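Here is a short briefing on charged side chains and their surroundings. Look over the sequence and the model, then read on.

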Amino acid sequence: MRKWLALLLIGMIVLTAGCISSNEKASRGTTKELPVVKAATLMGGISTLDIMEAKGFDRQNGFKVQVLRLGKTPDIIAALAKGETDFAVIPAEMAAKLAQSGTKIEIVAVDMMQNQAILGKEGIKPEDLKGKKIGAVVASGTFKLFQAYMKVLYNLTAEDYTVVNVPPGSIKDALKDVDAVVIWEPIVSELIASNVSVIATFEDLWDEAEKRGIVEGEPVMLVWVVRKDFADEHPELVNAFVKAQKESAEFWKENPKETKEILGKLYHLDAKTLDILYKRTEINDEGLNDDLIKGIKSEWKLAYLGGYLKENPSNLDIFYRG
């Protein structure tokens, strides 16, 4: 009897071990590495990419994002042109500039509305900037759009003010030597938290341009672009990326506390700055629609009238339609 019980026990052990081994093999057989998608962004500039990476919306949608944080906007443009990144988040007017220069890209989503501002000495109005010294990141889309606003709204050209080229990290220090600075988030909120006066936000300037019938639609700032060859070859990854961006934007809007924690850690921001930043930043969680495209085309028109775009972009169509 004892012999039979021992044989039965040995059989059960062997059978169980076999099942475990089979399950492990099955598990290994169904596991596959996620495709890697490269996405470029400006170092120090906020976007929903911060949330996508932190919350794993990329992996939830079947891909792994490899974030390239580049020092200057021209670096992002070069990365797109050389095929070193698949996606990039860039200013809308820069997307038009790239397309007009022959780089094959398509706009797949809008990330956020204009959050830039002119800050500086108290009491100055935008139309008072003639003869003033202005600090800015000259190669940035923000500065190009600033110049367009100044020319279109106040007939001020580059000859009417002195420009001091300043890296983003030195903008605050530059205020000791210039009358005003032009910059984007999160530096705008850092300066406001330090009691630096806002001369005008870009949203104010957009509203003024809209009143004069120059622009219409949403004041788009950042758009997501994809290399056209990548989109043609991997439409499923483009759709997955757009879905992940949308979910990241929805998370941003619905979870202010956690969003501020993520941005605070990433950009080393204090609570006061984060409160200002969250309040004044408008994230887009809608797919490309007529109103957003109208806003993008208006910004292109503004950039053309301001001299940044050399060719009339009215017939430019680089919108991804799947």
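Which residue's side chain meets that of Glu208 in a salt bridge? Arg212 does, at 3.0 Å, N to O. A salt bridge here is a side-chain nitrogen of Lys or Arg within 4 Å of a carboxyl oxygen of Asp or Glu. This is a predicted model: local features need pLDDT of at least 70, side-chain atom pairs count only at pLDDT 80 or more, and totals for chains, interfaces and linings use all residues. Residues are numbered from 1 along each chain as its sequence is written, and side-chain values use heavy atoms, with hydrogens and water left out.

**Salt bridges**
- The salt-bridge count comes to 17.
- Glu261 and Lys257 pair at 3.4 Å, N to O.
- Both lie in helix α12 (residues 256–267), four residues apart, about one turn of the helix. Helices are DSSP runs (H or I, at least four residues), numbered from the N terminus.
- Arg321 pairs with Asp317 at 3.1 Å, N to O.

**Exposure of the partners**
- Relative accessible area sets the class: buried is under 20%, exposed over 50%, partly exposed in between (1.4 Å probe, protein chains only).
- Glu208 is partly exposed at 23%, and Arg212 is partly exposed at 41%.
- Lys257 is exposed at 62%, while Glu261 is partly exposed at 40%.
- Arg321 is exposed at 62%, while Asp317 is partly exposed at 46%.

**Pro235**
- Pro235 sits in helix α11 (residues 235–254).
- Pro235 is partly exposed, at 34%.

Technical notes. Helix = DSSP H or I, 4+ residues; strand = E, 2+ residues; numbered from the N terminus.
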